[in-house]
Each structure stands twice: as structure tokens, then as C-alpha cells.
Amino acid sequence: MQIDHVTLHELRIPLVTPFTTSFSTQRARTVVAVEVAARTEAGEVTGWGECGALAEPVYSEEYASGAVDVIERFLLPRLMDAQSLDLLSAETVGEHLAPIVGHRMAKAAIESAVLDAQLKATRTSFAQYLGVTARSVASGVSVGIQDSIPQLLDVVSGYVDEGYQRIKLKIQPGWDTEPVAAVREAHPDIPLQVDANAAYTLVDAAHLSRLDAFGLLLIEQPLGEADMRQHAELARVMSTPMCLDESVVSAEGAADAIALGAAAVINIKPSRVGGYLEARRIHDVARAAGIAVWCGGMLETGLARGANAALAGLPGFTLPGDISASSRFYERDLTTPFVIENGRIAVPTFAGLCEEPQADAVAEFEVGARHLQVA
Ligand code: OSB
Ligand code: MG
């Protein structure tokens with residue numbers, strides 16, 4: 001494959017409701033989307049890749065405008081060196097970009113765009129590429145921190161009525177045992193889990209253990225990103241299964257977390273770990289170790305939501321993912337919206353990772369674009 005032209009789109013898409021986590025309140029999603037125009041044996045194709053980085057470095061150290069900078073200054077030049085030797089394919093992107101440290105969400109966006117182009121050129125769906133035969137995956141929803149418990153109960157009931165099969169509550173100090181108790185009381189049988197986004201320390205172990213009373217599927221990332229040993233210690237005092245998100249950014253890290261007893265479950269977010277190919281490797285490592293995984297999200301648009309659904313069709317994804325309908329976050333998506341049907345999201349059958357975004361949607365939400373002639 002030869003890439004002739006790359007466009008870095010910066011979009012700002014309003015959310016249907018603010019999304020509050022322990023680290024921020026978001027009212028809109030800033031999305032960097034990489035568009036590559038490539039020449040392949042099958043002719044000219046366009047590929048798209050979404051960058052998971054948020055506008056601010058609050059979930060991880062990456063942020064949207066930083067991703068634009070590192071893509072333009074450091075990642076694309078590496079790719080172009082590779083393509084001058086005719087070594088470019090989706091499977092080699094990771095190796096070409098490996099000399100640049102970190103910046104996994106930026107790398108994932110490029111790998112996704114190249115993979116999308118490659119699959120479109122060969123008229124292959126992402127599910128076919130992965131060997132996924134599942135036609136749909138269970139849909140879970142991530143519920144942000146609310147202003148009050150009655151409001152939380154309203155929001156959760158709305159999602160239960162829409163058919164979501166699993167509820168994830170964001171928690172933080174001061175918003176944990178009470179909201180969880182209230183939701184559990186209102187929905188005694190709903191699969192329920194919590195996500196703290198690193199808002200606690202090991203000193204809170206006794207307090208967090210009070211969550212054990214609510215029959216949760218798991219507790220996600222209670223402690224800091226670097227606190228692997230402390231997560232292992234907390235896992236020993238809690239009966240709720242320990243799940244890592246922020247702390248696992250590679251297959252090697254997943255192997256370490258499992259060996260240390262820091263993770264009984266892993267949230268696999270393709271963007272966090274550098275792309276779908278590394279996400280697959282983490283799935284393989286976890287499955288071999290008997291560790292459950294599920295597919296997390298970064299408020300993906302239609303450029304990545306379907307690819308997440310396809311990934312979640314792999315057999316190790318035994319828990320419902322944060323793979324909700326487009327309408328969970330967006331009134332208007334960039335592509336045909338993903339819908340929830342009987343609590344499930346369909347695994348896409350179109351070629352590539354995503355549908356080509358609608359030009360008028362891109363125009364509506366675009367706040368900036370960089371056109372890079374690279375050939
Ligand atoms: O920790 O899982 C998280 C969104 C942004 C950053 C971090 C997280 C989240 C979510 C939303 O929980 C998941 C989704 O996309 O539905
Ligand atoms: Mg999380």
C-alpha cells in the first residue's frame with residue numbers, strides 16, 4: 001500500500017448529556033480522525049481511523065491536539081520511511097512506529113486508518129479479518145456521576161428500559177456506596193459494575209470493601225495507573241473481582257498484571273493499547289490465562305464503534321462491553337448510527353473498520369483540519 005495524502009480532522013461533537021467521571025465533565029467529544037488516501041493493488045481507497053485521546057490529558061497523558069502534533073511530526077514520517085521501502089501494511093504499522101515511545105492512542109488512529117483502507121481494498125469485514133463469527137455482542141452502558149441519587153435512578157432506569165444488559169456506574173470518593181446501594185435496590189438482578197478511574201488509594205481498602213455487599217461483576221481501576229502491586233493487594237482484601245483499565249497498555253503489561261494477581265478481569269480498549277492488533281494480543285494472553293476480558297470505550301463515534309463490536313465478538317470477551325448505541329452519546333453520529341436491539345449491537349458486515357463518514361456530518365463538526373501531502 002502507498003499512502004498519498006493524509007488529512008487530520010479535528011471534530012467537536014456535542015454529547016446528548018454531560019458525561020462526568022472522577023476526572024472531568026465532558027459536554028462534547030473532541031475527536032481526531034485520521035483519513036488516509038492510499039493506492040493499493042485494488043485501486044485507490046480511503047481509510048479512516050479514530051483517535052481515542054480526549055481534549056485534555058485527564059484519563060491518560062494523551063490529549064487530542066497533542067495527538068495531532070505527534071502524528072504529524074513523528075509518526076507519519078516513520079510511516080513514510082517504511083512505505084518508501086514498500087513495507088507498509090496494517091500489520092507492520094506497529095513495528096514502524098515502535099521507536100516512538102508511548103502515544104498509543106495516536107498510533108492506534110494511524111493503524112486503524114491503514115487497516116480500514118487495507119480491508120476496504122480487499123472487501124473484507126473486520127469480523128472476517130479477526131475470524132469472528134458472532135453476529136452481535138451484548139451491549140453495556142457506562143453511566144456518569146450524577147447530581148443526585150434520584151437523578152441516577154432515573155438515568156439507569158432509562159437505560160434498563162432501552163435494553164442495556166449491564167450497567168457500569170462511575171464512582172469517586174463521596175459517590176460510591178450510596179449510589180451503588182440505591183441502584184442495586186432498584187434493580188436487584190441487573191449485572192452491575194463500577195469504575196473509579198483511579199480516584200482512590202490503597203488507604204481506602206476498607207471503605208472500598210463495603211462494595212462487596214452489592215454483588216458487583218467487578219470493580220474497575222480503583223487505584224492509580226502505576227499502582228499494579230497495590231491493585232494486587234486490594235484484590236486480596238476485596239471479594240469483588242479486580243478489573244484494570246488505565247494500568248494495562250500492552251500484552252506484556254497484561255501478562256504482568258495477571259501474574260501479580262492485580263487483574264481478575266481486563267478492560268480492553270483498543271485505543272488505549274495502541275490499536276486493534278495489540279487489543280487482540282491482550283485478548284489472546286488473557287484467554288490463555290483464564291482471565292475474562294470485555295471491550296471498553298472512549299465515547300467512540302461510528303468510526304470505531306463497529307470495530308469495537310467486531311473485536312468483542314472474539315471468544316474471550318465473555319462480559320458485556322461498553323458498546324452502547326450511538327444514541328447513548330450522540331444525537332448525530334458521523335456514520336449510520338449503531339442501534340441496540342434486544343440488548344445487543346450488531347457486528348458490522350461492511351468492508352473495513354467503519355463506514356465512510358457522512359461528509360455533511362464531518363463538515364458540521366469539524367473545527368480544524370491539517371492536509372498533509374506525504375507521497
Ligand atoms: O474509564 O472506561 C473509562 C470514557 C472516557 C474515558 C474513560 C472511560 C470512559 C467510559 C465510557 O467509561 C465508555 C464508553 O465509551 O461507553
Ligand atoms: Mg475505565
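**Ligand, helix and loop**

Tutor: An oxygen atom of ligand 1 is 3.0 Å from an N or O atom in the side chain of Lys 269, a polar contact (a pair of N or O atoms within 3.5 Å). This is a predicted model, where local features need pLDDT of at least 70, side-chain atom pairs count only at pLDDT 80 or more, and totals for chains, interfaces and linings use all residues. Residues are numbered from 1 along each chain as written, chains are lettered from A and ligands numbered from 1 in the order written, and side-chain values use heavy atoms, without hydrogens and water.

Student: How far is a backbone N or O atom of Leu 299 from an oxygen atom of ligand 1?

Tutor: Leu 299 is among the residues that come nearest to ligand 1. Here a backbone N or O atom makes the approach, and the distance to the ligand oxygen is 2.8 Å.

Student: Is His 103 buried, exposed or partly exposed?

Tutor: His 103 lies in the loop between H2 and H3, and its phi is positive, near 50°. Buried means under 20% relative accessible area and exposed over 50%, with partly exposed in between (1.4 Å probe, protein chains only). His 103 has 34%, so it counts as partly exposed.

Note on methods
Near = heavy atom within 4 Å. Polar contact = N/O pair within 3.5 Å; in protein donor to acceptor, adjacent residues only side chain to side chain. Helix = DSSP H or I, 4+ residues; strand = E, 2+ residues; numbered from the N terminus.
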